[in-house]
Amino acid sequence: MEPNYKEIGKRIKKYREERELSQAKLAEKIEVSVPYMSDIETGKTKFSLPVLVNLVNALEVRPGELLTEKVCAKGELCALILREIDQQLTDCTEMQMQLLAEAFRNEKKLLVAYEEKMKRLKTTEEEE
C-alpha cells in the first residue's frame, strides 16, 4: 500500500505550524531546500527515510504521528501522552527506564483494581 504523501504533508505542516517554525527554518533543520520542503508539505514528492528521520527529530514527534492519521486507538490524547513520556525518557538511563516501566505497570494494575472496586460499590448501592 502506497503512503498518502498528501496527508503526510498536511500533518508535517500542522506540526511545523504548531511549533511556530517557518518552512524555511524547518527546511534548514532537516537539510533540504525550501522548494523541496514545500513539495513535501503539499505531497508533490516522495521523501526518503533519512528525511523522515530528520523531520521526526526536528518536529519532536514520533514517526507514526507523521505517517498515520492516528498514532493509537485513543487518538490525539494518546499522542500527547506518548510525546510527553518520550520527552521525559530522553535523559533516563536504561535502569531508570526499566524502573519507570515497572512503576507504570503497577500503577495501571492499581487503577484497574480501584475502578473494579468502585463499580462493585456502585452496583451494591443501586441494589439497596
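A search of the whole structure, which is a predicted model, finds 5 salt bridges. Among them is the contact between R105 and E102, whose closest N and O atoms are 3.0 Å apart; both residues belong to helix 7, where they are separated by 3 residues, or about one turn of the helix. R105 is partly exposed, with a relative accessible area of 44%, and E102 is likewise partly exposed, at 37%.

A salt bridge is also formed by E28 and K25, with 3.7 Å between the closest N and O atoms, and these two residues lie 3 residues apart in helix 2 (residues 23-30), again about one turn of the helix. Here E28 counts as exposed, because its relative accessible area of 55% is over 50%, whereas K25, at 36%, is partly exposed. The side chains of R19 and E18 meet in a further salt bridge, at 3.4 Å from N to O; R19 has a relative accessibility of 26% and is partly exposed, as is E18 at 47%.

Charged residues also occur in a surface patch of negative charge, in which E125, E126, E127 and E128 gather. Of these, E125 is placed in helix 7 (residues 94-127) and counts as exposed, with 52% relative accessibility.

As regards confidence, the mean pLDDT of the chain is 88, and 92% of its residues reach 70 or more. Confidence is highest in helix 3 (residues 34-42), at a mean of 97, and lowest in helix 6 (residues 76-89), at 78.

How values were computed. Residues numbered from 1 in each chain as written. Predicted model: local features only at pLDDT ≥ 70, side-chain atom pairs only at ≥ 80, totals over all residues. Heavy atoms only, no water. Patch = residues over 30% accessible without salt bridge, like charges linked within 9 Å, V, L, I, M, F, W, Y side chains within 5 Å. Areas by Shrake-Rupley, 256 points an atom, 1.4 Å probe, with all protein chains shown as cover. Salt bridge = Lys/Arg side-chain N within 4 Å of Asp/Glu carboxyl O. Lys, Arg positive; Asp, Glu negative; His and termini not counted. Charge placed at Lys NZ, Arg CZ, Asp CG, Glu CD. Helix = DSSP H or I, 4+ residues; strand = E, 2+ residues; numbered from the N terminus. Buried < 20%, exposed > 50% of the residue type's maximum accessible area, 1.4 Å probe, protein only. pLDDT = per-residue confidence, 0-100.
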